[in-house]
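I opened my notebook to look up a few things here: a pocket, some rings and a hairpin. Come along and check each entry against the view.

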Amino acid sequence: MIQCDVALGEPEVNRTKFEEAMERAAHAAEKPDVILLPELWNTGYALTEIGRLADPEGQHNRAWLSAFARRHGIHIIGGSIAENRSGQVYNTMLVFDRNGDEVAAYSKIHLFRLMEEEKYLQPGERSATFELDGVTAGAAICYDIRFPELTRSLALRGAKLLFVAAEWPIPRLNHWRTLLTARAIENQMYVIACNRTGKSGGDEFFGHSMIIDPWGEIVAEGGEAEEVVIASIDLTLVDQVRRRIPVFDDRRPQAYD
């Protein structure tokens, strides 16, 4: 997880910075299988200028992330970028496999009114699952984790991992940790969440990127400074927990309406 500050409205500066951090991660003592970036790492919340700053059709960042994934043989969960599609801007997560092939593009469904996202961004209309080395994973961006029905729908489609890209601000650290833990426990999946750090305008972001296992235990957690957070997970734990407490077998959807 690449936990870094983001320069407001400076896409090229940010790409250079994140590429350097990703290269360090790719050359770690134990080569990672997956690298995850935070939300809107290319522009930050420069919303009043987002139409000008957003990557047209995501072409620039698609090419760069694809090339990086292919060069290093690493899956890239590209956090999210501001993507301009025919004059409308979306907050979009791009996912590439080890071969550099794009396997998912997810645009944030739930827009955060406290940061006026709905005034400048278009909401996505479809959730996303994808395969990484045969393992099903799901996508979420920041505010999405406050909507348990989204994560549950991903789990019901087979997701064992939830990748979350975020710009989650101070002072809501308790919300961040509690919501991520709840999504992991109730869906018996790993939650892998990368949050930015630093200051931007009047907002401050606290990092604390974390990986939470299906029991709700924190496997790894970053601090509040820039860092590359690295951890290993045991995917067999997902099946073990789901057999131990069979919540998916015990669901009664007919009684929920």
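This is a predicted model: local features need pLDDT of at least 70, side-chain atom pairs count only at pLDDT 80 or more; totals for chains, interfaces and linings use all residues.

Residues are numbered from 1 along each chain as its sequence is written, and side-chain values use heavy atoms, with hydrogens and water left out.

I looked up the largest pocket and found about 590 Å³ of space in it. A pocket here is an open set of points on a 1 Å grid over the protein atoms alone, where a 1.4 Å probe fits, with protein on both sides within 12 Å along at least five of seven lines; lining residues have an atom within 4 Å of a point. The volume is the space filled by probe spheres set on the points, which are joined across faces, edges and corners. Of its 26 lining residues, P32, D33, V34, A231 and I233 are closest to the centre. I sorted the lining into 19 nonpolar, two polar and five charged residues. Strand β2 (34-36) gives the most, three residues, and β10 (161-166) also supplies at least two. Strands are DSSP runs of E, at least two residues long, numbered from the N terminus.

**Rings.** I counted seven aromatic pairs; rings of Phe, Tyr and Trp (its six-membered ring) pair if their centres lie within 6.5 Å, and planes under 30 degrees apart are stacked, over 60 edge-to-face, the rest tilted. Why is the pair of Y143 and F147 edge-to-face? Because their planes stand at 90 degrees, with the centres 5.1 Å apart. W168 and W176 have centres 5.5 Å apart and planes at 45 degrees, so I logged them as tilted. Both W168 and W176 are buried (under 20% relative accessible area, with a 1.4 Å probe and protein chains only). I also found F18, W41 and W64 in one aromatic cluster.

**Charges.** The charged end of R15 sits over the ring of W64, 5.7 Å from its centre; the test is CZ of Arg or NZ of Lys within 6 Å of the ring centre and within 35 degrees of the ring normal. R85 lies over the face of Y90, at 3.8 Å.

Strands β14 (210-212) and β15 (218-221) run antiparallel, joined by three bridges; pairing takes at least two DSSP bridges. I212 stands opposite I218. Five residues lie between the strands, and G216 takes a positive phi near 90 degrees.

How values were computed
Helices (H or I, at least four residues) and strands (E, at least two) are DSSP runs, numbered from the N terminus. Ala, Val, Leu, Ile, Met, Phe, Trp, Tyr, Cys and Pro count as nonpolar, Asp, Glu, Lys and Arg as charged, and the others, Gly among them, as polar. Buried means under 20% relative accessible area, exposed over 50%, partly exposed in between (1.4 Å probe, protein chains only).
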